[in-house]
Amino acid sequence: MLNAKLASQSHPEHKTVVQLSKDIAIGGTELAIIGGPCTVENREQMETVATQLKHAPVQALRGGVFKPRTSPYAFQGMGLEGLEILAAVKERHNIPVVTEVMSIGQIEDIAAHADMLQVGSRNMQNFDLLKALGSAGKPILLKRGLASTIEEFVMAAEYILSHGNPDVVLCERGIRSFDPYTRNVLDLGAVAALKQITHLPVIVDPSHAVGKRELVAPLAKAAIACGADGLIIECHPEPEQSVSDARQALSLEDMVDLVHGLRPLAAAVGRIIPEIHKLPQLAVVS
Ligand code: PEP
Ligand code: MN
């Protein structure tokens, strides 16, 4: 490994726990499950997502407002209007939100509202962006590049750490291969390796890894079994109607079922999926 002096694990007990809010963290005993659509489409969509996913429960919501699309003619995201929707839903439901930042100019606005800023695969080696995120003042969810080595991934994290931001969460989201049957290949070996060679939390995105909704749950389980600290999963009130990544979107009901199904697995590896009452707005009167 190159000189990853800040990202490397210096001692087996050395683990970074990234706080998303007062009650919600990534990298501790509790697993962090993040769910939501690929793209924020409108206020009703995000309200439905927030309301339904409380029953999973998820610890944070996702939703892209600045979207890196392969085609310049595809929907590019709602931009600041979408960010306002995320901010409103976060406020109303008291749940952290995660969204992607694509350029330095977007950092200030996104950091003002989101609890964690996602760096997408296509920007993993956008070094100027990584440097600027060093002073974003918010945790960063760094996704592995489409064809990046583990070393390149760790060094990308090192850019953010060395520019002043200690709160970096790594995300394995599948790497390119020769076989188009699955969108990418989920590299669980990388998850295990990253947990050993760095002290940073590692989460898994099975949605972008497989690209097919029927394959998301088995990979989510495998990720937890091999030591991931959490998951980020795409789901939508009407999955087939998603404006982007429709083929991999789970229904909200399937998302809730998936999280419930993970509980015994989490327990088997000494982890916990927080109970519903963890979220303040969900306080259950008994
Ligand atoms: C996304 O999270 O919607 C996304 C574009 O992911 P990735 O950067 O991993 O392709
Ligand atoms: Mn997506």
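**Ground rules.** Residues count from 1 along each chain as its sequence is written, while chains are lettered from A and ligands numbered from 1 in the order written. Since I'm working with a predicted model, local features need pLDDT of at least 70, side-chain atom pairs count only at pLDDT 80 or more, and totals for chains, interfaces and linings use all residues, with side-chain values taken from heavy atoms, hydrogens and water left out.

**Cysteines.** I looked for disulfides (pairs of cysteine sulfur atoms within 2.5 Å) and got 0. I checked Cys171: its closest cysteine sulfur is in Cys226, 13 Å off, which is too far for a bond. For Cys235, also in no disulfide, the nearest cysteine sulfur belongs to Cys38, 11 Å away. Buried or exposed, I wondered about Cys235? Cys235 is buried, at 0% relative accessible area, and Cys171 is buried at 0% too; buried means under 20% with a 1.4 Å probe, protein chains only.

**Ligand 1.** Next I listed what surrounds ligand 1 (a heavy atom within 4 Å); among the residues are Cys38, Arg62, Glu100, Arg173, His208 and Glu234. I sorted the shell into 1 nonpolar, 4 polar and 7 charged residues, with Asp, Glu, Lys and Arg as charged and Gly among the polar.

Then I went through polar contacts (N or O pairs within 3.5 Å). Oxygen atoms of ligand 1 lie 3.0 Å from a side-chain N or O of Lys67, 2.9 Å from one of Gln118 and 2.8 Å from a polar backbone atom of Ser121. The protein covers 97% of the 300 Å² of accessible area that ligand 1 has on its own.

Definitions and conventions: Buried means under 20% relative accessible area, exposed over 50%, partly exposed in between (1.4 Å probe, protein chains only). A polar contact is a pair of N or O atoms within 3.5 Å; within protein, one must be able to donate a hydrogen and the other to accept it, and residues adjacent in sequence count only if both atoms are side-chain atoms. Accessible areas come from the Shrake-Rupley method with a 1.4 Å probe; for residues, only the protein chains shown count as cover.
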